[in-house]
4 protein chains.
Amino acid sequence: MVRTLLVLLRSSRIVLLSRGGNILGADVFVPHNKNVFYSRSEFIFDPVRWARVQMDEDFLRISKMFDATRSVVRVPKLDPKFKIAVIASKQEHCLIDLLHSWQDGRLPVDITRVISNHDRGPDTHVVRFLERNGIPYHYLRTTKENKREEEILDLVQNTDFLVLARYMQILSGKFLQSYGKDIINIHHGLLPSFKGGYPSKQAFDAGVKLIGATSHFVTEELDAGPIIEQMVERVSHRDNIQSFVQKSESLEKQCLAKAIKSYCELRVLPYEENKTVVF
Amino acid sequence: MVRTLLVLLRSSRIVLLSRGGNILGADVFVPHNKNVFYSRSEFIFDPVRWARVQMDEDFLRISKMFDATRSVVRVPKLDPKFKIAVIASKQEHCLIDLLHSWQDGRLPVDITRVISNHDRGPDTHVVRFLERNGIPYHYLRTTKENKREEEILDLVQNTDFLVLARYMQILSGKFLQSYGKDIINIHHGLLPSFKGGYPSKQAFDAGVKLIGATSHFVTEELDAGPIIEQMVERVSHRDNIQSFVQKSESLEKQCLAKAIKSYCELRVLPYEENKTVVF
Amino acid sequence: MVRTLLVLLRSSRIVLLSRGGNILGADVFVPHNKNVFYSRSEFIFDPVRWARVQMDEDFLRISKMFDATRSVVRVPKLDPKFKIAVIASKQEHCLIDLLHSWQDGRLPVDITRVISNHDRGPDTHVVRFLERNGIPYHYLRTTKENKREEEILDLVQNTDFLVLARYMQILSGKFLQSYGKDIINIHHGLLPSFKGGYPSKQAFDAGVKLIGATSHFVTEELDAGPIIEQMVERVSHRDNIQSFVQKSESLEKQCLAKAIKSYCELRVLPYEENKTVVF
Amino acid sequence: MVRTLLVLLRSSRIVLLSRGGNILGADVFVPHNKNVFYSRSEFIFDPVRWARVQMDEDFLRISKMFDATRSVVRVPKLDPKFKIAVIASKQEHCLIDLLHSWQDGRLPVDITRVISNHDRGPDTHVVRFLERNGIPYHYLRTTKENKREEEILDLVQNTDFLVLARYMQILSGKFLQSYGKDIINIHHGLLPSFKGGYPSKQAFDAGVKLIGATSHFVTEELDAGPIIEQMVERVSHRDNIQSFVQKSESLEKQCLAKAIKSYCELRVLPYEENKTVVF
């Protein structure tokens, strides 16, 4: 490995230094007994000596040369932010937290629109916030018969990925296939336990001493997609169902924000059928 | 509450100060809408002015006077330690940790005997340790047909509670009833998820980012008794099934030791049908 | 203690049940060898049967009867929220977090005004937010010669306590005495280490593996007042001074919010000369 | 980086696969604006196809080829364990924990001897344990005038590194230079705060809400060497100086064991004058 890493550094000299760049760090993960590897690297470069377009060309050429199945390069300050749409229901804590984080510049995305299957008056905090910031808000009433998926699909065409901020509907396989990009969901239970509805209630009834939240990719199977991040907090006999919910909501916000941030920093890679690599 | 607390202090003056004692702290928990309360208090006293026997009399009288369903008083340095028996199988990490903690004086119990359904040679570390410290070791081979429960029952008659340190057998309801006292078990999964066998494998296959351990009271239903303590640790894509097991074992040891310590300090009270109060 | 606690419960019956109330929980702390005690209790009651005024009378009478040095009763939904003023400088992350928490109803206070010694244009996020929500914003330019303390004092007269959200000025003993109420400060270092300026830089240069934040009461001595809450987060060689600052700011927000919440729930009591009891 | 990583993989094919090996993972850290890099990699290989001696030759050649300042290769199951000597004083908790971890196979080192400046009788747990396991125990009484450093030096000649398990003497610069290898110390305070004696007392008097432990390399300046690992635990007003000490000791054991384990896995590299890279 020493050699390969020196080669790595030397290559980085050849590739990056020649372009006025330098590696800041690299993560490499090679699953045991699998002829595949995952990696993520950070480097700095001189934009004058390495044009963004040239950079893409360089990496494309290289990745082709080595049959890389996937190769993504992002320059945080040059490239446009990831475009997302947030889909929510009645519960607002995750949605509001995302909006505030976005406003404070802590969430590195552009929120193109917010879609909700819960009706909010024009005078509600959320709707006023969105109006003030020029973010379209769409109320799409869903019923057993009509999930409004075609309309949602139209609305999210130009997004890079979707965020379900406590959306209380299951998206169909048809929708997932049509959309074809990643969808991140937040669940206030330590998956795989407490799937489905009222996980706080389930946890409370089970008398647990730790509650958690899980952010994961959406798949056809409910709450069974690859896990990105999980967080926990202690509970005791003094906690009631209300404080379980409160603590869960606080965890959900942190856990969802962390997952989105990691995703935007290209730290999250799909791994095997139902796992993730998170560098 | 101010009054009640001043009354509390005044009563403590009446009861305790008169005996040369003083309260150090009190925890009171009153479940909402239930005409019951749980409490734990610590106090210091002058053994010369308050004989141990007298103390029991005082508290017995008081608890009767107020129809307390249960009242336990312990004086750590005067009263005999809780007598326990440890029951294990092949996995030794919890057993060894208990023995070391006991030897270092960190586990406030007397280990009366160790029972195992896994055969260990006389030259193994565990057996030599037990021999050296005069703790009887019993190998009871179990089969589908014969769980040896009668023999176990005979061996643990004089214990205050039992500890299952990774015992891979399910104790029958008949055994639980006959023994009639508390039994603490350790499970290397965040119950109620990953019940039963190979929880580490279950967690690994589920691609979780947090693994845990749970110490709980044993009931007839497998891994479903009231939870006493739960602990977690982060795992990542770099962890394999071996490191999952290693981290789980480390959690199991801490979680079991914490539960036993809390139990011996009278911090653990049964609450509702399947919960605990842990002061 | 059993008796005193039963007395406590019986008294609670006499006092509270007679008023349609019931205890939910009680914490009592009696420092060793000190003839004093601290306590906090939560109870529910029927406002129809126990008028708020009557409640105060009852507790006042009782506290007098027992020479309680201090006795505070609050009914979250009946009593007015604590009035605070937030004082800040150029750094906005804590101020903005407080405003958002207040807007989301997570911060149980009324923010009467925001005072800053850093000039913000009328079009800045903070100033627009305050204007929109009718919260006065005061820019008071401070100099070595003039700390503007008299003006600040006038502005905060009607507050219950003050919050220093990264205020980069040391308040004089004269100010503290004149104000006479509690002032909560946030410091992004694990006090008592890294006092004063640039704690993140200090921590970075020290090569620590954990950074923290501390919320504490303000006293005349810089960063030496009683500590209310401390939080930490891991850092590694991959962290640079910028990420140290980022993580510190995230900790500061959580740590300050937690301290304010605990304070408003009457969980924080001064203890000895430089400590706190936090129930 | 894609190229460099494919190059890495290709090189790994050239170097490792040709030897029947494969990379499992790699960490690379390149400090900003410094023409240096740090890396650690894990790989598996076929010992039949790649002799241990050959492996060293290969890596030596490579490291020379690339002017690597330092290159270490270890094969956990083939190479001899690191030889250490443990130096202690009266406090035994860290020493005993190290001995138990070593006995349980959790500490990947050979303890060649234990040196103490505190006199223990032959019937003490520690001395009997050492005798039983054939580990020499040396009592070297130290005085202001005579630190017995020459004798210690003689005793530790054949060690790979030293562990100070609560050794209450400051080793001279002369000793450090003569020994010339790494020395790991444990301190029960969150350095750089609470240096020197009685850190628990210092923390208690400061009214902190978090206490910690720090494992670090020993340098001439007391408690100021590069930090390897830090851990914390919550304390409250209910904790007294005794429980501060207890919690600190528990942290010390975990923190020291973690540092030794990381060190033996070649995860710890010196970085700049007073920092560490811990992969």
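Modeller: In this predicted model, α7(B) passes α8(B) in a right-handed crossing. On the side of α7(B), B:Ser200, B:Lys201, B:Ala203 and B:Phe204 make the contact, and they meet B:Ile241, B:Phe244, B:Val245 and B:Ser248 of α8(B). By class, the residues of this contact are 5 nonpolar, 2 polar and 1 charged. Two packed helices are described by the angle between their axes and the distance between the axes. For α7(B) and α8(B), the packing angle is about 125° and the axes lie 9 Å apart. With that angle, α7(B) is oblique to α8(B), since angles over 145 degrees would be needed for roughly antiparallel and 65 to 115 for roughly perpendicular.

The burial of the helix can be described next. Within α7 of chain B, which spans residues 199-206, the buried residues are B:Pro199, B:Ser200 and B:Ala203. These residues lie on the same side of α7(B), because the arc they cover around the axis is only 100°. Their packing partners in chain B are β7 (183-187), β8 (210-217) and α8 (241-264). After α7(B) comes B:Gly207, with a positive phi near 65°.

Chain A may be described in turn. In its helix α7 (residues 199-206), A:Pro199, A:Ser200 and A:Ala203 are buried. They too span an arc of only 100° around the axis, and therefore sit on the same side of α7(A). Among the elements covering them are β7 (183-187), β8 (210-217) and α8 (241-264) of chain A. A:Gly207, which follows α7(A), has a positive phi near 65°.

Definitions and conventions. Residues are numbered from 1 along each chain as its sequence is written. Chains are lettered from A and ligands numbered from 1 in the order in which they are written. This is a predicted model: local features need pLDDT of at least 70, side-chain atom pairs count only at pLDDT 80 or more; totals for chains, interfaces and linings use all residues. Side-chain values use heavy atoms; hydrogens and water are left out. Buried means under 20% relative accessible area, exposed over 50%, partly exposed in between (1.4 Å probe, protein chains only). Helices (H or I, at least four residues) and strands (E, at least two) are DSSP runs, numbered from the N terminus. The arc is that of the directions from the helix axis to the C-beta atoms. Contact means heavy atoms within 4.5 Å. Axes are lines fitted to C-alpha atoms, for helices over the stretch in contact, and angles run from 0 to 180 degrees between N-to-C directions. Angles under 35 degrees count as roughly parallel, over 145 as roughly antiparallel, 65 to 115 as roughly perpendicular and the rest as oblique. A crossing is left-handed if the near helix is turned anticlockwise from the far one by less than a right angle, and right-handed if clockwise. Ala, Val, Leu, Ile, Met, Phe, Trp, Tyr, Cys and Pro count as nonpolar, Asp, Glu, Lys and Arg as charged, and the others, Gly among them, as polar.
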